[in-house]
Amino acid sequence: ITAFLQSAPDMAGLPPGAMSHYFARLERQQLIDLEAVIPAAMTLLKRRDRTAAAMRLATGRLFIDEFQDLNRSQYELVRLLSETSPVFAIGDPDQAIYGFRGSSPRWFFAFIDDLQAEQHILHRNYRSASTIARAAAAVIAGNHPKGITVACESVTGHTGAIHAMTAESPMAEAAFIVRQIEALVGGTSHREIDRLRNPRHSPAALADIAVLYRTGRQAEVIADSLISHGFPVQV
């Protein structure tokens with residue numbers, strides 16, 4: 001763990017031995033660094049002595065959510081504990097987004113192969129219209145050559161529609177969104193907020209419209225543009 005921390009990016013430039021006082025204090029106070037918890041636990045479990053038996057007895061059943069976001073050491077810990085504890089894991093390899101910190105959906109599939117896990121695949125989509133579900137399936141189809149690919153079945157009863165556009169900047173994207181909302185509500189002049197119904201243009205009211213974004217930093221630009229055009233906004 002000492003070598004790991006001293007090689008971490010935020011430790012770059014520190015003189016040799018700069019962390020020695022830190023580790024000495026941990027030892028004096030019988031503490032452990034957070035990054036060392038899993039390696040230390042695995043070391044104890046591999047001894048198969050009284051301490052390992054006590055750890056296994058105290059573990060009981062394992063329930064693991066977002067399994068696709070496990071990294072190697074976390075997966076190895078699960079493997080060790082699975083020798084004496086039943087495991088129930090929930091995950092979706094197509095939602096793996098933490099590769100930058102060492103996570104990988106490969107451990108999702110390794111879990112299935114290594115432990116011969118019983119699988120229950122949830123393939124009915126109660127949220128998305130059929131067109132959106134099919135488009136999503138096409139986007140993620142090539143994610144995992146050796147993965148589990150199950151067609152998602154939309155049961156909403158709606159068809160849905162997708163329109164793709166490319167924006168040159170966050171401001172251009174926000175301006176596009178404003179124009180679309182104006183078109184949906186039939187213009188912004190003389191409207192009754194949240195109750196506008198104009199059959200000549202669109203049946204949409206402001207309360208019918210939501211803007212979804214992927215990251216929080218996108219919200220500010222979009223909200224500012226909507227507010228500047230007189231649209232009430234709840235973020």
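1. Of the 235 residues in the chain, 26% are buried; this figure, like everything below, comes from a predicted model. The chain holds nine helices and four strands, and when it is read along the sequence these elements follow the pattern α-α-α-α-β-α-β-α-β-α-β-α-α.

2. Helix α3, which spans residues 37–47, and helix α4, which spans residues 50–59, have axes that come within 6 Å and cross at roughly 115°. The two helices α3 and α4 are therefore roughly perpendicular to each other, and their crossing is left-handed. On the α3 side the contact is made by A41, L44 and L45, while α4 contributes T51, A52, M55 and R56.

3. Helix α9, residues 217–228, has as its buried residues A219, I222, A223, S225 and L226. Seen down the axis of α9, these buried residues fall within an arc of 160°, so they line one face of the helix. The buried residues of α9 pack against α8, residues 170–184, whereas the face of α9 turned away from its buried side carries the exposed residues R217, E220, I227 and S228. Just after α9, G230 takes a positive phi of about 85°.

4. Two residues other than glycine deserve a look for their backbone angles, given that most residues other than glycine have a negative phi. E66 has a phi near 50°, a positive value, and is found in the loop between β1 (62–64) and α5 (72–82). With a relative accessibility of 39%, E66 counts as partly exposed.

5. Is Q116 buried or exposed? Its relative accessible area is 65%, and because the cut-off for exposed is over 50%, Q116 is classed as exposed.

How values were computed: Residues numbered from 1 in each chain as written. Predicted model: local features only at pLDDT ≥ 70, side-chain atom pairs only at ≥ 80, totals over all residues. Heavy atoms only, no water. Buried < 20%, exposed > 50% of the residue type's maximum accessible area, 1.4 Å probe, protein only. Arc of directions from axis to C-beta. Contact = heavy atoms within 4.5 Å. Axes fitted to C-alpha atoms, helices over the stretch in contact; angles between N-to-C directions. Parallel < 35°, antiparallel > 145°, perpendicular 65-115°, else oblique. Left-handed = near helix turned anticlockwise from the far one by under 90°.
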